[in-house]
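Please open the structure in your viewer and keep the selection tool at hand.

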Amino acid sequence: MAAMKKSEYRLSTKLVRGGLNRSPNRETSEALFMSSGYVYDSAEQAAAAFRDETDNFVYSRYGNPTVEMFESRLALLEGAEACKATGTGMAAVFAVMACQLQVGDRVVASRALFGACHGILTKTLPKWGIETVLIDGRDLDAWRAALKKPAKLVFFETPSNPLLELVDIAAVSKLAHEAGASVIVDNVFATALKQRPLEIGADIVIYSTTKHIDGQGRLMGGAVLGRRDFIDDVFLPFYRQTGAAMSAFNAWVMLKSLETFSLRYDAQSNSAARIAQWLTTHPAVDSVFYPGLETHPQYDLACQQMSGFGTVLAFRLHAGKTGAFRVLDSLSLIDISNNLGDSKSLACHPYTTTHSSLSEEALAELGVTNADLRLSVGLEAVEDLIADLETALAVLA
Ligand SMILES: *Cc1c(COP(=O)(O)O)cnc(C)c1O
């Protein structure tokens, strides 16, 4: 039998082996190359490397062997031609937009966004003469209307933070392409394990690898994935000059995290689904937001474009902000924290934390209320998590 191509390996094999590039020492585990620079055999080789005619590493702001292993593993997982890793998720979001926008361009985005992404679109880009239009990403007619005029970029997050709204990736990509726009999907919540934007029309996928990919609450990181020509010709020149690079140490930790990625993500998702279901039966809870619930208004779309529903859920209490704060303060196992995708379960009040930079009108448009809590489900025993929530919710009885 012919040897399998790396792209044909099954998921768990790719996660453990993808991108592995051993040094002459033949180490089993991926090596950590803590080096800012690289040496050349000759002046001529150095000159050729600077002309991009060799595959020498030049400087770790451009590329590093450990970071490159991480990028290759992520690209294999995503089914993307190319990947560059960044220092944070926001560095990925900013660089992927800034590298292709100029004054006079138009960006259309779903308004259900991570707070800092919202800030880039509503504050930073308009300052530079770029028009940004935020719409209800669930509504295809709103996309159609906004994309009647040509646009350069379309950007959205699905499922979104904090209320797990979905955007129809295939349908919006089609509309975007008709308007001349490329489509960037922030795939942090579903991850490449459960949602494949590039296979259904998107052009670029970005991550905060701080979340499920590190998955243990240690490091910041991000990634941009897409076609080879986009990464090499458009993204790389900007990335090299502006210093968005990921550190070798962070890439090394995250390479090792990828080995257990799907085990962790599946276990956390199973617990999230159980907790979401349990919360729907609780008298203190008004509503539960989780794409895997049949009561989610976009459940059919979730089944169509996702193969799993994720580790994050939100719920709304009858008891308003006071009730939400009392519940958070009564948790003893689950921590109050605004991070997500950690092996530790974390809960927060988005209105006053992750989304507090949004105006009241913007929050109202998003449908985020003072009575909402977001829960990122970790790897603890699900029975212990439910018991903790049960005790905390009992203070509202
Ligand atoms: C966290 C997050 C980001 C930003 O990533 P950082 O690593 O915090 O810079 C962007 N988008 C989504 C959906 C996120 O959850």
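The model is a predicted one. Where the two domains meet, domain 1 contributes 39 residues to the contact and domain 2 contributes 38 residues.

Next, select the ligand. The ligand sits in the second largest pocket. Which residues are around the ligand? Display Thr88, Gly89, Met90, Phe114, Glu157, Asp186, Val188, Ser208, Thr210, Lys211, Met220 and Gly221. This shell consists of 4 nonpolar, 5 polar and 3 charged residues.

Now examine individual contacts. Select Met90: a backbone N or O atom of Met90 lies 2.8 Å from an oxygen atom of the ligand. Move on to Asp186, where a polar side-chain atom is 2.7 Å from a nitrogen atom of the ligand. Then select Thr210, which places a polar side-chain atom 2.6 Å from an oxygen atom of the ligand. Finally, show the surface of the ligand: taken alone, the ligand exposes 380 Å², and the protein buries 95% of that area.

Conventions
Residues numbered from 1 in each chain as written. Predicted model: local features only at pLDDT ≥ 70, side-chain atom pairs only at ≥ 80, totals over all residues. Heavy atoms only, no water. Near = heavy atom within 4 Å. Polar contact = N/O pair within 3.5 Å; in protein donor to acceptor, adjacent residues only side chain to side chain. Areas by Shrake-Rupley, 256 points an atom, 1.4 Å probe, with all protein chains shown as cover. 1 Å grid on protein atoms, 1.4 Å probe; cavity = no way out; pocket = protein on both sides within 12 Å on 5 of 7 lines; lining within 4 Å. Sits in = over half its atoms within 2 Å of the grid points. Nonpolar A, V, L, I, M, F, W, Y, C, P; charged D, E, K, R; others polar. Contact = heavy atoms within 4.5 Å.
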